[in-house]
Amino acid sequence: MAVAITLTTSCDSDDDLPVSQPIQVNTFCYGDQTTNFETIGAFREEPQVGGGTGVLTEVTVYGDGLQLNDMEELEGAGVLMQISFYGNSLDDFQTGLYQIATTEEPADASLSYILDYDTAGMFNTSIALESGFIRVETYQTGYAITVDGIDINGDELHGIYLGNVALLQ
């Protein structure tokens, strides 16, 4: 009986494992880091020769209120991120680590975001990132696009888009 009591009281419980915060996807924090926006979809254009030596792939990530219509045009109002990736191949959207820079060389990227984008509006003010990194990885049938940067206001922007990145025809 004493052995049974000792064995049951000396076992560690799985409840003692450290609790980690779940990784949030499709949510981007900016400014004071208590403000965020959510994304619901993304699309990209065919890679093309850019102005520098890099091959440009334009990717648009959008939030609730925006959608692609039947003619593959964006309509509505909501949050929008426009990302220019510069790779070294015309074959496909390239994965890897991109540095936020304006030189348009391979492994460079630029990102600007608009918190109140309206397709009917004439003036949409964007906020550009000045420094940081963007990582692109394949994930199941889509991509994981991780952003960690500082914008022109000195505010951080970070988050992960996880989902399909449709190729516009």
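Student: What makes us say that β1 and strand β2 (residues 35-38) pair, and in which sense?

Tutor: Good place to start! Two strands pair if DSSP finds at least two bridges between them. β1 and β2 have four bridges, in the antiparallel sense, so by that rule they pair. This is a predicted model, in which local features need pLDDT of at least 70 and side-chain atom pairs count only at pLDDT 80 or more, while totals for chains, interfaces and linings use all residues. Residues are numbered from 1 along each chain as its sequence is written, and side-chain values use heavy atoms, with hydrogens and water left out.

Student: What counts as a strand here?

Tutor: A strand is a DSSP run of E with at least two residues, a helix a run of H or I with at least four, and both are numbered from the N terminus. The protein chain comes to one helix and 13 strands.

Student: Which sense does the pairing of β1 with strand β12 (residues 156-163) have?

Tutor: Antiparallel again, over five bridges; one of the partners in β12 is E156, which bridges to G31.

Student: Why is β1 described as largely enclosed?

Tutor: Buried means under 20% relative accessible area, exposed over 50%, and partly exposed in between (1.4 Å probe, protein chains only). Four of the five residues of β1 are buried, so the rest of the structure largely encloses this strand.

Student: Why is the Y30 and Y113 pair called tilted?

Tutor: Rings of Phe, Tyr and Trp (its six-membered ring) pair if their centres lie within 6.5 Å; planes under 30 degrees apart count as stacked, over 60 as edge-to-face and the rest as tilted. Here the centres are 6.0 Å apart and the planes make 55°, so the rings pair and are tilted. Y30 lies in β1 (residues 27-31) and Y113 in β9 (residues 108-118), so this pair ties together parts 83 residues apart in sequence. Ring pairs also link F28, Y30, F37 and Y113 into a cluster.

Student: How do you know whether D64 is buried or exposed?

Tutor: Its relative accessible area is 64%, so D64 is exposed. D64 is found in the loop between β5 (55-62) and β6 (66-68).

Student: Which residues does D64 contact, leaving aside neighbours within four places in sequence?

Tutor: With contact meaning heavy atoms within 4.5 Å, D64 touches E38, I40, A77 and G78.
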